[in-house]
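Please read the following walk through a two-chain model with the coordinates open beside it.

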Amino acid sequence: MTSSDVDLVVETVRDILTGHEPFVLTPERPWDAGLWSALAEAGLTGVGVPEEAGGSGGELADAVAIVGALAAGAAAVPVAEQLLVAAPAVLAADLDLPAPEEPLSIAVDGAVTAEPRDDGDGPGSWTLTGTATDVAWAGVAQHLAVLATSPVGPVLALVHVAGREVTAAANLAGEPRGSYVLQGVTAPGALLTGAQAEQLRARYALARAVQLSAALQQVLAWTVQYAGERQQFGRPLGRFQAIQMELAEMAGEVTAVAALVDAAVQAVERGESLVLAAAASKVRAGAAVEVVARLAHQVHGAIGFTQEHRLHHLTRRCWSWRDEAGTETAWARVLGAGLLGDGPDALWPALTRVV
Amino acid sequence: MGSNSLTLAPAPRSAAAEEVRAEVREFLAAELAAGSFTTHVDTWLSGVDPAFSRKLGERGWLGMTWPKRYGGHERTAMERYAVTEELLAAGAPVAAHWIADRQSGPNLLRYGTEAQRTEILPRIAAGECYFVIGMSEPDSGSDLASIRTRATRNGDGDWVVNGAKVWTSNAHTSHYAITLVRTSPADPANRHAGLSQLLVDLSLPGITVNPIRILDGGHHFNEVVFDDVVVPGDMLLGEEGAGWHQVTAELAFERSGPERFLSTYPLIAEFARRASDPAQLAALGRISARLLALRQLSLRIAGALDRGELPDIPAALVKDVGTTFEADVIDEVRRAVDVPASLDSPDPLGRALAEAQLHAPGYTLRGGTNEILRGIVARGLGLR
């Protein structure tokens with residue numbers, strides 16, 4: 001797979017999605033297992049992972065395109081976590097990557113400590129204790145990459161969580177966000193530097209920003225379409241200047257988010273430092289949710305406020321994604337402090353270096 | 001959605017732009033150290049300094065993208081973007097030449113006669129010749145097609161102009177006004193027909209320039225009154241009757257640059273100097289995230305200009321989002337610090353807040369109100 005295949009990849013994802021309409025997630029049906037199987041069969045759950053590591057090959061741009069297409073389709077599958085965050089981190093830590101058809105998620109929150117079972121130098125065996133909280137796709141994932149703390153530094157451990165007890169919780173869209181209590185669990189893991197741990201968190205934030213960007217574009221498209229179809233006072237809503245102003249404001253937000261997120265992804269592809277670009281993307285995308293979701297619901301009227309209409313599949317996700325993988329406020333602090341790294345008079349040069 | 005008309009390709013990386021950026025930074029640091037200017041908010045409206053403009057001209061930073069035979073430097077829009085955003089971020093006095101370099105020169109290049117280009121463009125590029133925009137009138141703001149200033153041919157083939165233009169920034173320090181005039185009677189069936197652009201020398205007899213002071217007392221705006229002003233026949237710009245089309249093209253240049261989100265940047269820089277507690281750092285982060293997104297949008301437009309495109313709809317979108325941001329910065333900063341806004345404040349942050357606030361109503365009006373811009377974006381979405 002080459003990066004020139006991006007359009008083809010997106011087309012494949014969209015084809016698969018047409019057979020898998022989004023549904024209201026419940027504790028009994030917390031994800032779209034059928035969609036996941038279809039994606040795995042097409043090799044799409046291993047994109048961005050080299051073939052020699054059991055993946056399908058392809059570049060970051062391909063993985064980003066897949067995640068974006070699935071986010072726009074409100075797909076209830078752990079693809080963002082696996083393709084953009086957990087799999088690259090597991091590979092970078094030189095741990096054995098699980099098969100791409102077995103869902104792999106990431107845990108960066110909570111308090112998990114790791115004690116080395118051997119000399120602790122390089123990949124090795126660790127004993128994990130504590131609780132991993134706010135775990136995306138808890139109960140669905142078969143494997144979990146856990147960012148833990150150890151006496152010698154941050155550790156990335158790979159835990160087999162299939163069948164393990166979950167304290168269930170869900171985000172505003174019903175996506176599983178439960179906890180795992182780990183009591184003396186033995187797992188392979190590797191020491192990270194503090195910078196590597198920070199990059200991992202930033203990648204998670206950027207993954208959510210990629211999802212937000214795609215979802216917000218779709219919300220705008222749905223709203224423009226609805227405004228063109230819905231007739232009131234004898235003409236389409238979109239003919240009213242008041243509605244046009246709202247849709248234009250949404251378009252401004254959506255376009256700004258896309259420009260920044262695209263630039264951040266390209267910066268990652270060039271191998272540039274990720275943290276501030278990811279922070280800015282997450283903050284900007286999160287801020288856009290307020291405007292875009294509010295105006296989308298306003299234009300859709302009461303039908304958009306029901307589970308019968310599709311709009312909530314994306315607006316509820318956006319309302320949660322903006323808080324996940326680090327809140328807007330947390331990343332805004334990281335960005336503000338990071339931009340002043342060269343001193344209080346050096347903001348401008350720092351800004352021109354971020355992306 | 002009509003995303004194709006709103007979304008542009010990502011801007012290419014430009015090593016040349018980063019090179020000239022470093023040169024501009026070095027120049028600005030030296031000028032600041034020498035005390036040749038002091039930083040202010042919104043200096044592309046208020047910072048008139050012909051000596052500074054000439055220095056930029058000497059360094060090749062005006063008319064950057066124009067052909068060399070007209071005094072230009074044949075550099076890319078990406079390089080020009082880097083120069084302009086560095087100047088704005090420093091709050092440097094760039095108002096004297098700003099309009100001429102940004103839109104009047106490109107307008108002349110596109111529609112001017114060879115004589116007009118040869119005579120005027122090298123002087124703009126040298127930082128010696130300044131322009132004003134002659135579009136709005138006392139009774140014609142957003143509804144530009146309703147202008148009433150008219151030009152009629154006399155027996156010698158010259159134009160006789162009567163009427164008035166307003167909000168002509170720095171007409172009292174400028175040399176020419178590209179003036180939109182009605183050259184045939186208004187046609188209710190085609191409101192955009194019968195308009196033309198004239199290149200008017202502001203020193204001609206019959207022209208009166210009256211100051212209009214803005215909220216902080218500053219004299220930047222003027223009313224320019226034309227009373228039987230005889231404009232030579234060869235000073236028609238472009239085609240007679242094509243004024244509306246030409247103005248629309250000009251507005252794409254007027255709306256797309258970094259001055260549409262950096263007018264209040266000096267306030268952000270001042271705030272950064274004291275942002276220390278977590279809430280202040282978060283405020284700085286929120287402001288910066290918005291600025292970084294706008295930069296990418298504006299860079300994409302520079303890239304599109306280099307490809308020879310005229311991205312009028314994306315430019316309208318950037319200006320809407322960018323000018324909203326310029327004003328929002330004031331309140332983000334106000335909520336994060338305990339500093340009252342005052343032009344007399346002993347605190348530079350208090351002065352920057354005051355300057356930004358008193359200029360704020362203009363950000364979302366000049367160059368097309370945000371309501372007009374959103375109408376253009378709505379057209380890009382296929383709604384009208």
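In this predicted model, helix H10(B) is followed by B:Gly308, a residue whose phi is positive, near 85 degrees.

Along its principal axes, the C-alpha trace of chain B spans about 70 × 50 × 40 Å, and 55% of its 384 residues count as buried. When contacts in chain B between residues at least 6 apart in sequence are considered, 75% of them join residues at least 24 apart.

Chain A can be described in the same terms. Its secondary structure consists of 10 helices and eight strands, and its C-alpha atoms fill a box of roughly 75 × 55 × 40 Å along the principal axes. For 355 residues, a compact globule would have a radius of gyration near 20 Å, and the 21 Å of chain A agrees with this. Of the 355 residues of chain A, 56% count as buried, while among its contacts between residues at least 6 apart in sequence, 73% join residues at least 24 apart.

Within chain A, strand E6 (residues 177-191) takes part in two pairings described here. Strand E3 (residues 124-136) runs antiparallel to E6(A) and is joined to it by 11 bridges, and A:Gly124 has A:Gly189 as its bridge partner in E6(A). Strand E5 (residues 153-160) also pairs with E6(A) in the antiparallel sense, over three bridges, and here the partner of A:Ala157 in E6(A) is again A:Gly189.

Chain A is divided into domain 1, residues 3-192, and domain 2, residues 196-354. The C-alpha centres of these two domains of chain A lie 23 Å apart, and 22 residues of domain 1 are in contact with 26 residues of domain 2. On the side of domain 1 that touches domain 2, the elements that give two or more residues are helix H3 (60-72) and helix H4 (79-92) of chain A, with H3(A) supplying the largest share, seven residues. By class, the residues on this side of domain 1 divide into 20 nonpolar, two polar and no charged.

The contact between the two chains takes 43 residues from chain A and 36 residues from chain B. On the side of chain A that touches chain B, at least two residues each come from helix H5 (194-229), helix H6 (241-269), helix H7 (275-300), helix H9 (328-339) and helix H10 (347-354) of chain A. The largest share of this side, 16 residues, comes from H6(A). The side of chain A that touches chain B has 31 nonpolar, seven polar and five charged residues.

Conventions: Residues numbered from 1 in each chain as written. Chains lettered and ligands numbered in written order. Predicted model: local features only at pLDDT ≥ 70, side-chain atom pairs only at ≥ 80, totals over all residues. Helix = DSSP H or I, 4+ residues; strand = E, 2+ residues; numbered from the N terminus. Rg over C-alpha atoms; globule rule 2.2 N^0.38 Å. Buried ≥ 20, exposed ≤ 12 C-beta atoms within 10 Å, placed from the backbone. Contact = placed C-beta atoms within 7 Å. Pairing = 2+ DSSP bridges. Domains from an automatic or database assignment. Nonpolar A, V, L, I, M, F, W, Y, C, P; charged D, E, K, R; others polar.
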